[in-house]
Number of protein chains: 4
Amino acid sequence: MANENIQLGQAIQTEADSNETDTILHTWLEHYRPYTTNGRCAAYIPALAQVDPSQLGVTIIGPDGKLAKSGDCDALFTLQSVSKVIGFIAACVEHGSAYVLERVDVEPTGDAFNSIVRLEVHKPGKPFNPMINAGAITVSSLLGGKSPQQKIDSILAFIEKMVGRRVSINEEVYQSEWQTADRNRSLAYYLKGTGFLESSVEDALEVYLKECSIEVNTQDIAMIGLVLAHDGYHPLRKEQLFPKEVAKLAKALMVTCGMYNASGKFAAFIGVPAKSGVSGGIMAAVPSHASSPGAPFPAGCGIGIYGPAIDEYGNSVAGGMLLKHIAKEWDFNIF
Amino acid sequence: MANENIQLGQAIQTEADSNETDTILHTWLEHYRPYTTNGRCAAYIPALAQVDPSQLGVTIIGPDGKLAKSGDCDALFTLQSVSKVIGFIAACVEHGSAYVLERVDVEPTGDAFNSIVRLEVHKPGKPFNPMINAGAITVSSLLGGKSPQQKIDSILAFIEKMVGRRVSINEEVYQSEWQTADRNRSLAYYLKGTGFLESSVEDALEVYLKECSIEVNTQDIAMIGLVLAHDGYHPLRKEQLFPKEVAKLAKALMVTCGMYNASGKFAAFIGVPAKSGVSGGIMAAVPSHASSPGAPFPAGCGIGIYGPAIDEYGNSVAGGMLLKHIAKEWDFNIF
Amino acid sequence: MANENIQLGQAIQTEADSNETDTILHTWLEHYRPYTTNGRCAAYIPALAQVDPSQLGVTIIGPDGKLAKSGDCDALFTLQSVSKVIGFIAACVEHGSAYVLERVDVEPTGDAFNSIVRLEVHKPGKPFNPMINAGAITVSSLLGGKSPQQKIDSILAFIEKMVGRRVSINEEVYQSEWQTADRNRSLAYYLKGTGFLESSVEDALEVYLKECSIEVNTQDIAMIGLVLAHDGYHPLRKEQLFPKEVAKLAKALMVTCGMYNASGKFAAFIGVPAKSGVSGGIMAAVPSHASSPGAPFPAGCGIGIYGPAIDEYGNSVAGGMLLKHIAKEWDFNIF
Amino acid sequence: MANENIQLGQAIQTEADSNETDTILHTWLEHYRPYTTNGRCAAYIPALAQVDPSQLGVTIIGPDGKLAKSGDCDALFTLQSVSKVIGFIAACVEHGSAYVLERVDVEPTGDAFNSIVRLEVHKPGKPFNPMINAGAITVSSLLGGKSPQQKIDSILAFIEKMVGRRVSINEEVYQSEWQTADRNRSLAYYLKGTGFLESSVEDALEVYLKECSIEVNTQDIAMIGLVLAHDGYHPLRKEQLFPKEVAKLAKALMVTCGMYNASGKFAAFIGVPAKSGVSGGIMAAVPSHASSPGAPFPAGCGIGIYGPAIDEYGNSVAGGMLLKHIAKEWDFNIF
């Protein structure tokens with residue numbers, strides 16, 4: 001595996017190749033950095049509340065490994081809800097998407113990410129989509145492996161295949177999440193009661209919260225976005241990592257439900273599949289066709305952004321603005 | 001105008017050009033026609049309840065005017081909610097999208113098309129998106145023109161520019177809608193009370209219900225889909241009819257909210273921007289980039305489908321299946 | 001009728017008889033008057049917003065006509081939601097309570113008085129109780145009489161029988177209500193759409209809003225409370241005005257739903273059937289058994305309070321405090 | 001204690017005293033027993049699902065110990081939600097009602113007993129009343145005693161004081177409850193997350209579910225009803241067991257919220273404070289004043305009913321009918 005990863009590292013072009021793009025990106029990033037003061041770091045998890053809110057970083061990886069980055073692109077942060085996409089894909093790979101979709105719907109809700117209302121109001125309580133906590137907890141219970149440790153190991157291995165390095169769980173964040181997980185436990189027990197959980201509550205939560213606590217940098221999630229952009233095919237590894245149909249499904253969910261209850265606005269004003277986390281990460285996948293020919297940066301790229309100051313919906317304030325600017329300038333739009 | 005329309009008619013290629021495609025399309029259509037028995041014609045409007053539920057028709061128009069059609073493609077039906085896209089675009093052209101979006105949000109809801117709950121629960125009661133009744137009634141109040149008649153005339157003129165012929169209002173359906181509009185009046189008065197209606201309730205409803213009652217065939221809505229596919233540019237008229245930004249916005253809304261509370265499933269399983277109506281119409285816009293090179297039918301096309309037997313969400317049963325099949329076979333997918 | 005009313009006037013004992021009680025009542029009232037500053041006059045109806053918020057008045061009428069009063073007890077105010085009790089009784093007298101209760105339930109909701117959510121969420125949309133707007137509008141459509149005028153006339157005649165004088169509609173308030181009735185129209189059209197309205201929307205609203213605009217003073221509503229306290233029997237007229245069973249039903253509704261979504265707190269902390277209105281009126285009925293023998297003021301009394309400064313729920317702030325004090329001191333409590 | 005209980009036993013008059021009343025009661029009971037087929041035993045707890053649904057029993061205890069009973073009056077059943085009244089009183093005795101009411105409101109909701117929606121929709125998530133699961137779980141966390149065992153022991157001792165015998169927990173039912181408590185755990189974790197739980201979730205649930213599993217017969221709950229009827233004074237023990245104010249509060253809550261989301265109908269059609277449980281128990285408290293002088297059975301009595309076949313709301317079908325009949329015939333009504 002180590003060998004493989006080195007190869008993947010080589011496939012990524014050095015910064016020298018993309019100096020000009022970096023300069024442009026840097027100008028944009030510093031333009032939006034002051035807007036970080038319009039947001040706040042997530043307060044409900046102590047470990048998240050302590051980070052420097054003025055951080056902003058971005059990495060973009062093109063289909064040929066061309067790499068552009070700027071700002072706090074190497075800062076480490078936890079995946080949080082960005083992990084929901086990865087868990088969903090892994091569950092579909094394990095069981096087939098039909099099996100997964102019998103247990104979680106794919107409808108956007110307009111509700112907050114941790115809402116429980118719809119589980120009661122809409123019988124029989126099938127979680128509405130895998131991008132909100134209820135759905136993601138159900139998905140966590142479906143992952144391959146007998147024990148929570150096996151499930152997490154399989155996720156970590158899956159991520160390693162995509163990003164080219166072994167990522168690990170931030171234990172401090174995980175402990176923090178575990179100790180403040182009342183609302184998620186409430187959701188999980190509700191799902192258990194209505195039959196939409198296939199493991200014990202504690203096992204599902206351990207897997208879910210460990211996924212949330214996986215530590216990455218912007219290049220890591222840009223690389224996952226790159227694989228999604230290519231429908232599950234890793235253009236640098238030159239390997240199909242998961243079925244095209246699952247990738248399409250994941251990107252559709254990112255567009256309709258990926259940015260919490262601001263997903264509609266992201267689709268309308270940015271127009272690329274993206275998933276955010278309350279740690280301030282945004283992972284975007286720009287399909288190859290989603291730009292005009294001759295664009296300054298080739299479509300078919302993955303974008304990773306980190307800006308821990310988030311808005312009321314849970315999305316990175318400056319990160320969202322930066323992504324919008326990039327998408328507009330480089331004509332990235334699936335619609 | 002008559003002259004113009006003739007020219008547009010000529011730009012559409014004769015059926016002789018597309019014989020092979022028609023044959024394929026015909027096979028698919030007849031394969032799905034029996035599934036019409038799984039749905040029922042909309043019952044709440046008497047005039048809709050009386051049509052033959054076994055109808056199924058489709059028209060597809062390519063970027064160069066290539067036309068493929070089959071089944072009940074010439075049957076007339078009323079736009080119903082398909083008109084919501086047109087009204088939204090017209091309002092954005094009139095006021096700029098910023099003005100419109102201050103009065104209607106762009107978030108999907110997961111609720112039924114005629115739901116009123118969210119207007120009360122989410123203060124201050126801004127309708128969640130223009131693809132559900134509440135939002136569409138607000139949009140109707142924003143249309144250009146002083147009287148309802150002027151507003152409707154401007155919509156009819158706008159449609160004529162897109163489809164190349166003057167369409168008209170089905171008076172019987174309109175009267176039927178008007179007399180059974182209690183729920184829509186309830187929504188409209190609620191919006192009036194919270195300040196999200198810019199005309200009188202009666203004027204807004206007259207405009208809204210007349211829009212819903214505009215009579216078209218599948219070629220008409222395929223043509224509107226074609227213009228949307230090309231970001232507001234009419235490839236046969238060779239004219240930009242509305243701004244690219246408005247077209248992108250409309251298509252994003254079609255994906256996140258266009259198919260009632262089954263929109264997520266349409267995005268996930270079909271993957272092209274589409275808007276349905278309870279009369280059984282589906283209008284889809286396939287952007288130029290949304291297929292692989294060398295596809296059997298060129299992307300950058302508009303699709304119009306009619307199948308009046310609808311499902312519990314309000315979407316044409318066989319029409320949805322046919323669209324899914326077409327999208328899969330011809331590799332139409334924006335994600 | 002005039003003659004009758006004079007007799008009723010004579011049955012009420014002169015103030016001379018109750019000097020001591022008046023003095024006590026006066027002390028209490030002036031103690032609570034400063035709390036009027038904790039509330040505000042209802043703002044949504046211009047005619048209500050203009051009254052002096054520092055007003056506070058009370059009238060209590062005992063079973064033998066003993067009368068105690070203090071403060072702004074002669075000030076005129078409109079019934080507003082206090083009329084909901086009267087309309088409900090009149091509809092039950094007209095059709096029998098079984099008929100009425102098929103069209104409106106008797107369950108408290110915990111929701112605001114003008115809430116529409118439950119009509120959609122709980123199929124088939126039967127209004128939850130006649131003490132909230134939705135239920136009261138349904139009840140208005142059930143009143144006896146062919147035209148709105150006849151219905152209102154029958155209500156006015158019914159009130160006259162109870163209070164001993166002809167009360168009238170405050171036209172300015174009615175016009176004000178009519179012009180700001182968007183939310184009530186929304187409710188009414190919703191009810192019409194689900195079949196829970198037995199007249200036209202406009203007729204039901206005219207009756208409902210005219211009822212709300214009936215002008216009374218505290219003695220008037222104390223007299224109605226007196227009749228309710230005696231299960232429909234008028235102890236001064238010595239006449240059964242409506243069936244005991246209807247009076248019990250009305251008082252049960254006052255306890256469970258009468259004080260808007262603070263009804264539970266009124267039941268818990270005051271313990272007598274009461275109905276409030278946003279104009280600041282509170283009508284309470286103290287059944288004969290609801291106090292210990294030898295209480296300073298006999299149970300079997302009616303209480304009318306007016307204090308236009310209302311709280312967030314719509315109940316008179318100082319009026320509620322005064323009622324609580326009276327009930328505690330004089331040991332009025334049905335539980 | 002044993003001695004005390006014997007004295008209490010003696011205070012209850014022998015059946016010989018009340019032969020005639022028993023005969024009448026027996027006729028009524030057998031008249032309503034066939035209606036048990038209109039209900040079903042609670043299915044969600046296996047131990048409840050297995051009992052004979054045709055059972056129906058009643059015990060009434062008058063202020064002087066006069067006792068009337070009939071049918072399956074000696075059958076044992078678990079308190080279930082009837083315990084909510086007892087827990088609420090015990091918590092008020094422990095902390096004062098003001099302390100308790102800061103942590104649980106007293107508003108009826110119209111929602112199902114196990115609903116979670118309102119905890120999310122109404123910020124900050126204070127449970128609406130102690131008669132629904134959410135509120136009762138909060139109350140369980142407030143009970144006196146350091147460990148769950150101490151809390152339960154204090155409840156059992158409190159019940160012993162009222163009923164004159166030591167009741168015990170049905171371990172089989174408790175185990176059954178514990179193993180099917182997903183929904184209650186969901187509620188409890190939600191409350192923990194919003195700060196409305198003062199113990200650990202597991203401790204609160206152990207106490208709550210053990211309370212629910214306390215085994216009684218109709219005489220036991222009639223005796224508790226008797227004490228409530230006398231405002232906390234035990235007329236046979238001649239001792240004030242808890243403050244009058246707490247008793248009034250408990251009875252008000254029984255009227256507004258005691259019969260699940262059919263509470264309004266019980267208030268309207270029966271008119272005495274009552275609390276039901278899904279095991280089929282109904283405990284009613286008839287205040288001394290709540291009947292006319294010379295009634296066949298004296299008011300100031302407690303009524304215990306058991307009929308395990310329950311309706312959709314969770315109330316005993318035949319038990320409710322029998323209570324309604326008794327109240328009507330003997331003129332019990334607080335309104």
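This is a predicted model: local features need pLDDT of at least 70, side-chain atom pairs count only at pLDDT 80 or more; totals for chains, interfaces and linings use all residues.

User: What makes chain D and chain C partners in contact, and how many residues take part?

Analyst: Contact means heavy atoms within 4.5 Å. By that rule 34 residues of chain D touch 34 residues of chain C. Chain A and chain C, in contrast, do not touch, and their nearest C-alpha atoms are 8 Å apart. Chain B and chain D likewise share no contact, with closest C-alpha atoms 8 Å apart.

User: How is the area buried between chain D and chain C expressed, and what is its value?

Analyst: Buried area is the accessible area (1.4 Å probe) that two parts lose on being put together, summed over both. For chain D and chain C the value is about 2,500 Å², and 59% of it comes from carbon and sulfur atoms. On the side of chain D, E107(D), H289(D) and F335(D) lose the most area to chain C, together 25% of what that side buries.

User: Why is the pair of D111(D) and R118(C) called a salt bridge?

Analyst: The term requires a side-chain nitrogen of Lys or Arg within 4 Å of a carboxyl oxygen of Asp or Glu. In this pair the closest N and O atoms are 3.1 Å apart, therefore the distance meets the limit. Across the interface of chain D and chain C the rule finds 8 salt bridges.

User: What else is counted between chain D and chain C, and which helices of chain D contribute?

Analyst: A polar contact is a pair of N or O atoms within 3.5 Å; within protein, one must be able to donate a hydrogen and the other to accept it, and residues adjacent in sequence count only if both atoms are side-chain atoms. Helices (H or I, at least four residues) and strands (E, at least two) are DSSP runs, numbered from the N terminus. There are 22 residue pairs in polar contact between chain D and chain C (both at pLDDT 80 or more). Helices α13 (244-257) and α14 (263-269) of chain D each supply at least two residues of the side that touches chain C. The largest share of that side, 7 residues, comes from α13(D).

User: How do chain B and chain C meet?

Analyst: Here 14 residues of chain B are in contact with 14 residues of chain C. The two chains bury about 1,300 Å² between them, with 60% on carbon and sulfur atoms. E120(B), D182(B) and Y189(B) supply 41% of the area that chain B buries against chain C, more than any other three residues. The count of salt bridges between chain B and chain C is 2. R183(C) and E120(B) form a salt bridge with N and O 3.4 Å apart. Helices α6 (117-121) and α10 (182-194) of chain B each give at least two residues to the side that touches chain C. The most, 8 residues, comes from α10(B).

User: Where do the partners D72(B) and R33(B) lie in chain B?

Analyst: Their side chains meet in a salt bridge (3.0 Å, N to O). D72(B) is in the loop between β2 (67-71) and β3 (77-78), whereas R33(B) is in the loop between α2 (19-32) and α3 (46-49), 39 residues apart.

User: Why are β2 and β8 of chain C called edge strands?

Analyst: They belong to an open sheet of 5 strands with the order β2-β1-β10-β9-β8 and antiparallel pairing. β2 (67-71) and β8 (274-276) each have a single partner strand, so one side of each is left without a neighbour in the sheet.

Technical notes
Residues are numbered from 1 along each chain as its sequence is written. Chains are lettered from A and ligands numbered from 1 in the order in which they are written. Side-chain values use heavy atoms; hydrogens and water are left out. Two strands pair if DSSP finds at least two bridges between them.
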